[in-house]
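Colleague: I am new to reading structures, and I would like to learn how to look at charged pairs and at strands lying side by side. Could you take me through an example slowly?

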Amino acid sequence: MKAFFTNGDFFKSSTFIKISAFLFISLAFFYFGKHWSDGYQQLIFFNSRQNPLTSSQITPTVSLSPNHNKSFDISSLIANTTTQTLASIPPPSDPEPLPPPPPPEVQRFRIVDENGTMTDNFEIGDFDPGVAEDWGSENTTEAVEESRAVVKKFGWCNESMREYIPCLDNVEAIRGLESTERGERFERHCPEKGKGLDCLVPAPKGYRTPIPWPRSRDEVVFVVLICWPKVVFGFGREIRDGTKWSFLGLEERDLIPTVIGWDVDRVWFSNVPHARLVEDKGGQNWISIYKDKFKFPGGGTQFIHGADQYLDQISKMVPDIAFGQYTRVAMDVGCGVASFGAYLLSRNVLTMSVAPKDVHENQVQFALERGVPAMVAALATRRLLYPSQAFDLIHCSRCRINWTRDDGILLLEVNRVLRAGGYFAWAAQPVYKHEPLLEEQWEEMVNLTSRLCWNLVKKEGYIAIWQKPSNNSCYLSREAGSQPPLCDSEDDPDNVWYVDLKACITRLPDDGAGSNVTTWPARLHNPPDRLQSIQMDAYISRRELFRAESKYWSEIIASYVRVLHWKSYKLRNVLDMRASFGGFAAALIEHQLDCWVLNVVPVSGPNTLPVIYDRGLLGVLHDWCEPFDTYPRTYDLLHAAGLFSIERKRCNVSSIMLEMDRILRPGGRVYIRDSVGVMDELQEIGKAMGWHVALRDTSEGPHASYRILTCDKR
């Protein structure tokens, strides 16, 4: 065999030739069958064989049958058989049901590869122009997200409205009153819904940022210093702190200051451009004009020598009044320019100075411009908007009120808001003048106060001071039919919103609630007894809620001071629009921010005003669906926590925001802490009013349900 292959005889043999010819013919037919087919469908074979070394990287392959696109006549391929043979074959059975068709192939766009990583190149599918043409058509059924509402910019009101108070300047309603004999024209007569403010109240021409507190309160611009053994004349500012003096580092023992000119309580004339009070009260040391400023020397009709001396006299008459300890919250009726309340601030006493918008219509505006708590209010036919047992001291100095008219109904209102055991100080001509008419008025006053069970504690000079009883024992021991009667036991003395005055004596709680408050400053943080009488859902946990709210606001104000630098702000007049228990105001005091807060309790929630006053704070009841009783530009900071998410169900949010703009001074700030759902609308309204707005996260983080909207009125 070896020799056969070696000599090459094998390749010349017929066997080799036959094998080679067979292979050549087979390859030729295969080649022609694959490349010269006639277009009939090919048979597809699936090849799942993979290289074990690279199986994860090789995709399945597909090969085509040589019979691709060919068809065959099966009958021609079957040999003819005899009829007998076909008859011997049993009939075919019913064919099995075909399997269900495979599901449609899912098209993959290769956005994410096998490892879950997003690829750089991927298909996005074909563009369908019909989708763009039908976008936004009326017959679409897909919900489209509503775009943010756009609020048109608000315009300026007429120049005549620059001191406009909507509910007190409603001329049309006042003209329609049946009677004005009892002062009805000085009470609230608000515009109808839809006819309220829809523009921005302008400031007077030349308006300037108010002079900061307390620089205008206790300054001397020129002082003569006598320093033994030589005399030194000093020009400059000298600050009086209580009764101690200091100047250029010298102590009180080193100098005897002689005051040449006080620059007390200055207000820019351009901010309140009215001189009527100067003309009417200039001789009583109320107010004067010097160059471009008003000055308030601290006097009054009955204390022309100064409010400090007047307060010293009251303290000597009744030491138990104890300003800043027992007496923490006071009310000055017919306040003038509020010098009484201004000088009580240095004695840790907050005073609500009230006066009507009468012929001396700007007295409350002057008080607020000075930085003294004040409200426009009148004792006429309705209850004042303060709770029962609110004030430790109520003061009236020549307030031009006839206390004995209509069975003493006005003094009965004073009795309602005066705390059990509190004091009423009256400085008026009937106290000290011996004229027949005035003596008759004094006798009527003494008779009325005795029937109210008030005790005349002291009468000295032109001041008389009474004390209210601390319980009902005196009232119950009176003879049957005594006037005025006790109010019905079902009468709620804290219900004050549009409630008429009642000629009856308000009953005191049998448990002593309201009269047994602790002294200042402990009362600021002690849960008062009247906390249990508030109509709210919680009952057992009220004290815990009270303490939790105090802690909550203390932490928030601490963060505001630390992060937002609140101590650098020139804050003086602050309005908390939804005060609850007064935790926000208490936190400002705790962190020593030199301001006062008017706590507003909305009528849409529980009436927590008694708790606020028991803590030694000021407050008022109000419905934010109506305008507020104050002059324009009277507050430096407006704070609203959770207000709009509640009031938007009752009021027009734009109306509330416009009212906020009216009472906020230029340069003032707004802090709104509320749910995310109302923030878009508030931002748009704020921008439409010209405010600079910024949305911030709370301390809970960006995913919290609350946000903080900070606004600056430029």
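Predicted model: local features only at pLDDT ≥ 70, side-chain atom pairs only at ≥ 80, totals over all residues.

Modeller: Let us begin with the charged pairs.

Colleague: How many salt bridges does a search of the whole structure find?

Modeller: A salt bridge is counted where a side-chain nitrogen of Lys or Arg comes within 4 Å of a carboxyl oxygen of Asp or Glu, and a search of the whole structure finds 23 of them. One of them joins K357 to D169, with the closest N and O atoms 2.7 Å apart. This pair links distant parts of the chain, since K357 sits in the loop between β11 and α10 while D169 sits in the loop between α5 and α6, 188 residues apart.

Colleague: With which residues does R419 form salt bridges?

Modeller: R419 forms a salt bridge with D392, the closest N and O atoms being 2.8 Å apart. Because R419 lies in strand β14 and D392 in strand β13, this pair ties together parts that are 27 residues apart in sequence. R419 also forms a salt bridge with D614, again with 2.8 Å between the closest N and O atoms. As D614 belongs to helix α17, that pair ties together parts that are 195 residues apart in sequence. R419 is buried at 0% relative accessibility, D392 is buried with a relative accessible area of 0%, and D614 is buried as well. Finally, D392, R419 and D614 are linked with R523 and R530 in a network of salt bridges.

Colleague: In what order do the strands of the open sheet run?

Modeller: The open sheet has seven strands in the order β12-β11-β10-β13-β14-β16-β15, and their pairing is mixed. β12 and β15 stand at the edges with a single partner strand each, so one side of each is left without a neighbour in the sheet. Neighbouring strands are turned against each other by 20° on average, with direction ignored.

Colleague: How do β11 and β12 pair, and which helix touches them?

Modeller: β11 and β12 pair in the parallel sense over three bridges, and V354 has M375 in β12 as its bridge partner. Helix α10 packs on the sheet and touches both β11 and β12, its direction making about 155° with that of β12. Helix α8, for its part, lies across β13, β14, β15 and β16, and runs at about 50° to β16.

Key. Residues numbered from 1 in each chain as written. Heavy atoms only, no water. Helix = DSSP H or I, 4+ residues; strand = E, 2+ residues; numbered from the N terminus. Buried < 20%, exposed > 50% of the residue type's maximum accessible area, 1.4 Å probe, protein only. Pairing = 2+ DSSP bridges. Axes fitted to C-alpha atoms, helices over the stretch in contact; angles between N-to-C directions. Contact = heavy atoms within 4.5 Å.
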